[in-house]
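Please read the following report alongside the sequence and the model. It moves from the overall fold to the core, and then to selected elements and the confidence of the prediction.

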Amino acid sequence: MKKVCFVLVLLLMAEQCFCWGFYGHRKINYLAVFLLPPEMLVLYKPHIEFLSEHSVDPDKRRYAIPEEGPRHYIDIDHYGNYPYKELPHNYDSAVAKFGADSVAAYGIVPWWVQTMLWRLTAAFKEKNQAKILKLSAEIGHYIADAHVPLHASHNHNGQFTNQNGIHGFWESRVPELLAEKEFEFWLGKAMHIKNPGQFIWSRVLESAAAADTVLRFEKELTASFPADQKYAFENRNGITTKVYSTSFTVAYNNKLLGMVERRMQQSVYAVASFWYTAWVNAGQPDLKKLSNKDFTAEELKEFEELNTNWRKGKVVGREHD
Ligand SMILES: [Zn+2]
């Protein structure tokens, strides 16, 4: 009995591994570095481990402050039907129409990415290395989240359609099992984004349009799949854990015709392009001549606190994958 409880607790914890999962976020930021021009690589390549590791700080911050959660998603289907014309893409207009509390409650990811771009651009102008690295790592997280279909749906974990767990299935289990072996990541060079607002809104609308497929295909596959083969037990760090079986995961990925791979590739490309855009818009500062190379005591303390809160494992505010 004790063991069963433990497994259940772990499964619940696994569901709290938000977004692309830690694996996906780290991988996306890591790969994005290779799309940058040499003038940026001089900074980003030596710090590639930092950029990967801290890609998950925004998720850890959800255990510390309640305002963090809504920055990762938008329940856009709350605003009617695709393409959700009711919802203004301008933040002030949206707030004027629906009120700040309501806008925050249903999620703000497309606006938050733009705020982060503004901050990163300012950090480049300041030539502040610590800020550039921290903000680069974190904007990568929010951009990647905007690419996940279930981050643009109120039914984000299939909780309204009896598909609990699908969130982590699409964004963690599929890439963890298949990205290294089967996904392709030769993506060319980062581009300058002329209209970042329009860019991120397009990606969010694509996510929203795909959410229905993500949910429906899992349901169809479950109906046609032998019930005793949908899940399997795997040993993770010495603990027996219930997971979607390899055969079910592969079948789902095939049915989606590469959607997970495509969204991951687009995330990598978008992250690199946002970094590049911030640098260009800041006047292409020489990244060999930066100040503030070390993190301040305060910043180091913040990193530590993020980890402490995350280990305690209690999300502050509304939970939303
Ligand atoms: Zn997230």
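## Overall fold

The chain holds 14 helices and two strands, where helices (H or I, at least four residues) and strands (E, at least two) are DSSP runs numbered from the N terminus. Its radius of gyration is 20 Å, close to the 20 Å that the globule rule gives for 321 residues, so the chain is as compact as a globular protein of that length; the radius is taken over C-alpha atoms, and the rule is 2.2 Å times the number of residues to the power 0.38. Along the principal axes, the C-alpha atoms fill a box of roughly 60 × 45 × 35 Å.

This is a predicted model, in which local features need pLDDT of at least 70 and side-chain atom pairs count only at pLDDT 80 or more, while totals for chains, interfaces and linings use all residues. Residues are numbered from 1 along each chain as its sequence is written.

## Burial and core

Of the 321 residues, 40% are buried, meaning that 20 or more other C-beta atoms, placed from the backbone, lie within 10 Å of the residue's own. The largest nonpolar core has 71 residues, and V113, V271, A272 and W275 have the most contacts inside it; such a core is a set of buried Ala, Val, Leu, Ile, Met, Phe, Trp, Tyr and Cys residues joined through C-beta atoms within 7 Å. Helix α13 (residues 259–281) gives the most to this core, with 12 residues.

Leaving aside neighbours within four places in sequence, A272 is in contact with A32, L35, L36 and A190, a contact being two residues whose C-beta atoms, placed from the backbone, lie within 7 Å.

Helix α9 (residues 129–146) has 16 of its 18 residues buried, so it is largely enclosed by the rest of the structure.

Six bridges join β1 to strand β2 (residues 239–244), and the two run antiparallel; strands pair if DSSP finds at least two bridges between them. They form a hairpin with two residues between the strands, and N237 in the turn has a positive phi of about 50 degrees. R236 stands opposite I239 in β2.

## Confidence

The pLDDT, the predictor's confidence in each residue from 0 to 100, averages 91 over the chain, and 92% of the residues score at least 70. Over residues 1–18 the pLDDT is below 50, although this stretch has 20 contacts in the model beyond near neighbours in sequence. Where pLDDT is low, the predicted coordinates should not be read in detail.

Technical notes. Buried ≥ 20, exposed ≤ 12 C-beta atoms within 10 Å, placed from the backbone. Expected span 1.5 Å × (residues − 1).
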